[in-house]
Structure formats: C-alpha cells, structure tokens
Amino acid sequence: MLTHALSSPVVDKKRPMTKAVFKWAAVGAVLLLALYLTVALYAQNQIAFALLFLVVIGSAAYIFSSPKAYAHRYIYPSIAGMVVFIIFPLLYTVGIGFTNYSASNLLSQERVLEQLLSQRFQTGEERYDFKLYPTDDKFVMRLESPAGQSWASAPFSFSELQNHALAVAPVEQAAPDTQPLAIKDVIKLKEDLKSLSVNLEGGASLSLAGLRNFAPMQSLYGLRDDGSLVNQQTGVVYAPNQDVGFYEGPQGETLSPGWTVTIGWDNYVQVVTDSSIRDPFIEIFVWTLAFATMTVLFTLAVGLVLANILQWDQLKGKGFYRMMLILPYAVPAFISILVFKGLFNQNFGEINLVLENLFGVRPDWFSDPALARTMILIVNTWLGYPYMMLLCMGLLQAIPRDLYEASAMDGATPLDNLFRITLPQIIKPLMPLLIASFAFNFNNFVLIALLTGGAPDIIGATTPAGTTDLLVSYTYRIAFQDSGQNFGLAAAIATAIFILVGSLSLINLKLSKIKV
C-alpha cells in the first residue's frame, strides 16, 4: 500500500511543484543577497564593481533557472571567470588610463573636501595637559594649564555628551588617587577625543592638539558658498580646478590631497610626446621583443639538441641523463634565479672568480647594460630549456625512423637530418607552443624583478626605467615604485602593451596559419 501511495498521481504531481518551489526560493535568496551586496558596493562608491557584480549574478540567475538557457550553464563558469578576471580588469585599466589617478589624486572630491575641512590649527600659545580618570563606566577629565591651574569635569561618558561638548571648571583639590588612563588606552579613545570640545569656564573652547594635551583650535579651511576654500589662518582662497583635480590658489599653488578627474588622452599623449618617457619606452619595448625572441630561440636550440642526443641509440644511461637534464625544471624558478644572482655577483660570485683566474677579467654583470642583458638571457635559457627538451622529445618520437635510415643511405650529415627532416616535421606542431612561450617571456616579470630589478637605470628618464626592464616590470615600477605612483600613466602604458602583445600574437597566429 505504501508503494501504491508513493506512486499515486497526487504525489507525482506534488514532486515537481516542490522542486520548483525550492528552486525559485533559492534563486530569490541569491538575488536578494546579490542585490544587498550590490547596494553595499554602490554605497561605498564602487560603482564599477557593483555593476559587475549585478551583471554576473543576474546572468547566472537567468542561465541556471531558465530552461531556455539550459545548454549554456556548463560553459557559464568559464565565461564568468573570463569576464571577472580578464575583460573587466582590462576595461578598468583602460578607464584608469584616461584619468589622473595617482598617489596624490587618489580620493573623490567629497573625501578630499572632508579631509581638508577636518584640518585645524592652534590659535593660541597655551596647551592644557589632560588626564582621564576612569570612574565606574565613566571618565573624569582633569586639565592643567601652563600656569599650574587645574580644571576638572564631572563624570561623563562619550556617548552621553550633548554635541560632543564637555564643560570643565577650576578645581583646587589634588588629583584623584586612582591611576589615570595609560597612553595606550588614550589612543583607543583618540577618535572620541578628536570630536570632543572642552569648554572652559569663561567661554574658551579647547580641542585635542595631541595625545596629551588640549589647546584652542580652529578649522584651517572654511567652505564658501561658491565651493572654494578659504585658509582661515592666511586668508588665501583656493578654488576647485576640475582639470587637474586640486584646490588651486591664485598663484597656482595646490592643496594636497587632490581628487581623481578624467583627463582624456593626456597620459597617452605624454607617452608619445615626452621624450623622457617615450625614449625609455621604445628602448624597453625593443629589448622586450629581443628578449622574448632570443629566449625562445635559445631554449629551443638547446632543448632540441639535447633531445636529439637523448634519442641517440648508442648513448648508454639515457634515463640518468634525462633525469639530470630535467632537474632544472623541477626547481622553483625563484630559487634558481636567486642562486644565479649569487653566482653572478661581481665581487663574491663563483663565475667571476673562475673568469678572473682563467682570463683575468671580472665582468660587471649588474652595472653594464649589455652584460646584464646577456646574464638575463643565460639564466632564462637555463630555466626554459627543459620545457623545450620535453616537447622535442615527444615530437621526435613521432618522426618515422625510415626517413633517417633513407637519408643515411643517401649520405646525409646530421645537419642535413636536422634541417631537412627533423625541423620540418616538428616545427608545425611546435609553433603554438613557441608562441605561448614568446607571450610568457614577453611578460616575464619574476625573472627581472628577482635578478636585476630593472637595473642598470636608463639615464635621463623621468620615470623609473632600467635597461633590463621589460614592459611589464617597467609598468609595475611606474605604478608602485615611483615616488608619485602614477597609476593613470601606468594604466596607459599597460593598455599600449596589451595592444602590442595582442597584435603580435595575432600576427604570429596568422603567420603560422592557425585559426583563432
């Protein structure tokens, strides 16, 4: 009877209804959570991230709930990942390239105005040392003037004060027997103390001037009706300049910090027209191309030769040699790079020690541009040849042995076999991997950062540019190591790099006749 009951038409009809209710309840919960997080991001003035979150969650809710989009739910995670981690950062970077976003123009205008209006200056000479005495859940504040007069407040709590105003009156008795708050506890109350206005008997008002004293203070800047700021100490008026993102005085002096504004193509124009930026950029771009190209060629040459040697029938102990030659691939790159950095050390490195004993020379690997670039190519070839050797070993296995036997009968040399049989047979399947290797080395940030840090520097450059810098490390130094941290200029250069790399990759793919 139980089996009959479970399989009754009524139960069979309820199951889909229950499933649909749970599904739509889950979709509704996800949408409500997404809406809450979107509003939270928007409230934090993160409009781009709020829009991204809304689009991703909204599209996910539609694809995973609609029968019409059933086939797309399996590809959606990869598409969403591409949007979140590639397309959105790319568009965001392009957008930053059109702004003056930097360490000095980091905030919005509202935040800048709020920060400037919070600045104060001391209007009098006297400072009143203060101490806070805890009494139950409240405090008693005692002030002492430079003349030795003491002032004290009634027990108070910061949350109960009206308009953050605290009245104190002269006292004659000595300080309480209890210990005042230690400085570490005063620091915890710093924000409450900063908002506190201590009113002396007689009308004088004091504000926090330090962690140990109050003094007569006044706001440094006053906001005028036209949106300008007036320095209440000097009387100078600063008007907001939306072209540069600063409050600007009559003589062109600016108040820091500034705010982010759109400056159009200025960053891109600066890259093209400013010789102190353009020349290092071109030099670094040419070196980046040469570095990536030579690295691919050198690693391929070394890897192919070693792979051919390991295929030699008369070679004994192939397994041992194969293991030893692959070992550099097993060691983390950053360890190998740091080891080579020590080996190439000009004063204490083993390489210079050997060269000096054999040839009497001690090359300046880190201060001479040509030697520094040579050192980088040597290290990167060491790091990259095992990968190429493994690829070539696999591809060589696919070449019919009959071809080599026929060429031997015709009297072909090993070089004839290499250029007439081996390379034509492996170059086509190897080409996509060579392009990938080129793209990887084009942005090989770790090698440059750990080995030379971009040094030696390019003389005359106004941006932090080195002769061994790649475009990616050059951009990183502009964005995060320059004294000004010019994110907008770095974003413009990063956009140019993306266009160049994308164009080169497309050209390479077209030349290799690979469909994209």
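Analyst: We start with Asn-380, which lies in helix 13; helices (H or I, at least four residues) and strands (E, at least two) are DSSP runs numbered from the N terminus. This is a predicted model, in which local features need pLDDT of at least 70 and side-chain atom pairs count only at pLDDT 80 or more, while totals for chains, interfaces and linings use all residues. Residues are numbered from 1 along each chain as its sequence is written, and side-chain values use heavy atoms, with hydrogens and water left out.

User: Is Asn-380 buried or exposed? Which residues is Asn-380 in contact with?

Analyst: Buried means under 20% relative accessible area, exposed over 50%, and partly exposed in between (1.4 Å probe, protein chains only). Asn-380 has 5%, so it is buried. Contact means heavy atoms within 4.5 Å. Apart from neighbours within four places in sequence, Asn-380 contacts Phe-291, Thr-295, Thr-299, Asn-441, Asn-444 and Leu-447.

User: At what angle do helix 13 and helix 15 pack?

Analyst: Axes are lines fitted to C-alpha atoms, for helices over the stretch in contact, and angles run from 0 to 180 degrees between N-to-C directions. For helix 13 and helix 15 the angle is about 145°, and the axes are 10 Å apart. Their crossing is right-handed; that term applies if the near helix is turned clockwise from the far one by less than a right angle, and left-handed if anticlockwise. Asn-380 belongs to the helix 13 side of this contact, along with residues including Tyr-387, Leu-391 and Leu-395. The helix 15 side includes Ile-426, Leu-430, Leu-433 and Asn-441. An α-helix has 3.6 residues a turn, so residues three or four places apart point the same way.

User: How many residues has the largest nonpolar core?

Analyst: A nonpolar core is a set of buried Ala, Val, Leu, Ile, Met, Phe, Trp, Tyr and Cys residues joined through side-chain atoms within 4.5 Å. The largest one here has 40 residues, and Leu-430, Phe-442, Leu-471, Tyr-474 and Ile-493 have the most contacts inside it. Two or more residues come from each of helix 9 (275-310), helix 13 (369-396), helix 15 (414-442), helix 17 (471-480) and helix 18 (487-511). Helix 9 contributes the most, eleven residues. Another core, of 21 residues, lies apart from it and includes Phe-130, Val-168, Val-186 and Leu-193.

User: Why is helix 17 largely enclosed by the rest of the structure?

Analyst: Helix 17 is largely enclosed because seven of its ten residues are buried. Those residues are Leu-471, Ser-473, Tyr-474, Thr-475, Arg-477, Ile-478 and Ala-479. Beyond four places in sequence, Tyr-474 contacts residues including Ile-277, Phe-281, Ile-284, Pro-464 and Ile-493.

User: Which polar atoms lie by the side chain of Asn-267?

Analyst: A polar contact is a pair of N or O atoms within 3.5 Å; within protein, one must be able to donate a hydrogen and the other to accept it, and residues adjacent in sequence count only if both atoms are side-chain atoms. For Asn-267, the backbone oxygen of Thr-99 lies 2.9 Å from a polar side-chain atom, and that of Gly-488 lies 3.5 Å from one. Asn-267 is in helix 8 (residues 266-273) and is buried, at 4% relative accessible area. Ser-276, in helix 9, is another buried case, at 12%. Its side chain makes a polar contact of 2.7 Å with the side chain of Asp-274.

User: Where are the cis peptide bonds and the positive phi?

Analyst: Most residues other than glycine have a negative phi, and most peptide bonds are trans. Pro-257 sits in the loop between strand 14 (254-255) and helix 8, and Pro-456 in the loop between helix 16 (445-451) and helix 17. Asp-136 has a positive phi, near 55°. Asp-136 lies in the loop between strand 2 (128-135) and strand 3 (138-144) and is exposed, at 82% relative accessible area.

User: What pLDDT does the protein chain average?

Analyst: pLDDT is the predictor's confidence in each residue, from 0 to 100. The chain averages 86, and 95% of the residues score at least 70. Over residues 1-6 pLDDT stays under 50, and the model has four contacts for them beyond four places in sequence.
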